[in-house]
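I opened this notebook to keep track of what I looked up in the structure. The entries go from the whole chain to single residues.

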Amino acid sequence: MSPGIGLMKRRLETEESAVSLAVSGITKKFKVQTNEIQSLETKYDDDTGDWYVALGWKEKIAIVRMDSVQATILEINEI
C-alpha cells in the first residue's frame, strides 16, 4: 500500500523549481532560447499535487502541467 499524495515527499516543492522544469520542457519541445521565455502564471493544485505553469514567448503561450512528487512533465498544451 502506498501513501497518499499528502504523505509523499514532493520533489517540486517550490514555485521556482516548477518554473525551471517547465522552461526546460518548453526549450526542448519548441526549440526556443530560455531568455525568450517569460513566466506568466503559476498555480499549485492541492487535490492532485500538480503544478501548472503558463509560459509565453514571441506570440505563443503554453501551459505546462507537472507532477510535483515525481518532478515530471505530464503535458504541454500550446494555446
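Just after α1, I find Lys31 with a positive phi of about 55 degrees. I keep in mind throughout that this is a predicted model.

Entry on the whole chain. I counted one helix and four strands in the protein chain, and reading along the sequence I noted the pattern α-β-β-β-β. Of the 79 residues in the protein chain, 33% are buried. I looked up the accessible surface as well, which comes to about 5400 Å², with 48% of that surface belonging to carbon and sulfur atoms. When I took the contacts between residues at least 6 apart in sequence, I found that 38% of them join residues at least 24 apart.

Entry on the helix. I placed α1 at residues 15–30, which makes 16 residues, and its span from the first C-alpha to the last is 22 Å, close to the 22 Å expected at 1.5 Å a residue. Which residues of α1 are buried? I listed Ala18, Val19, Ala22, Val23, Gly25, Ile26 and Thr27.

I read the strand order as β1-β2-β3-β4 in an open sheet of four strands with antiparallel pairing. Because β1 and β4 stand at the edges, each with a single partner strand, one side of each is left without a neighbour in the sheet. From one strand to the next, the twist averages 20 degrees.

Entry on the strand pairs. I found seven bridges for the antiparallel pairing of β1 and β2, with Trp51 in β2 as the bridge partner of Tyr44. The two strands β1 and β2 form a hairpin with four residues between them, and in the turn Gly49 has a positive phi of about 80 degrees. For β2 and β3, I found antiparallel pairing over eight bridges, and there Trp57 stands opposite Lys60 in β3.

Entry on Ser68. I located Ser68 in the loop between β3 and β4. Is Ser68 buried or exposed? Its relative accessible area is 0%, so Ser68 is buried, given that the cut-off is under 20%. The side chain of Ser68 reaches the backbone oxygen of Gly49 at 2.5 Å, and Gly49 is the residue I had noted in the turn of the hairpin between β1 and β2.

Entry on Arg11. I found Arg11 in the segment before α1. Arg11 counts as exposed because its relative accessibility is 61% and the cut-off is over 50%. Where neighbours within four places in sequence are left aside, Arg11 is in contact with Ser68, Val69, Gln70 and Ala71. I also looked up the C-alpha separation of Arg11 and Val69, which is 5.2 Å for two residues that are 58 residues apart along the chain.

Notes. Residues are numbered from 1 along each chain as its sequence is written. This is a predicted model: local features need pLDDT of at least 70, side-chain atom pairs count only at pLDDT 80 or more; totals for chains, interfaces and linings use all residues. Side-chain values use heavy atoms; hydrogens and water are left out. The expected span of a helix is 1.5 Å times one less than its number of residues. Buried means under 20% relative accessible area, exposed over 50%, partly exposed in between (1.4 Å probe, protein chains only). A polar contact is a pair of N or O atoms within 3.5 Å; within protein, one must be able to donate a hydrogen and the other to accept it, and residues adjacent in sequence count only if both atoms are side-chain atoms. Contact means heavy atoms within 4.5 Å. Accessible areas come from the Shrake-Rupley method with a 1.4 Å probe; for residues, only the protein chains shown count as cover. Two strands pair if DSSP finds at least two bridges between them. Axes are lines fitted to C-alpha atoms, for helices over the stretch in contact, and angles run from 0 to 180 degrees between N-to-C directions.
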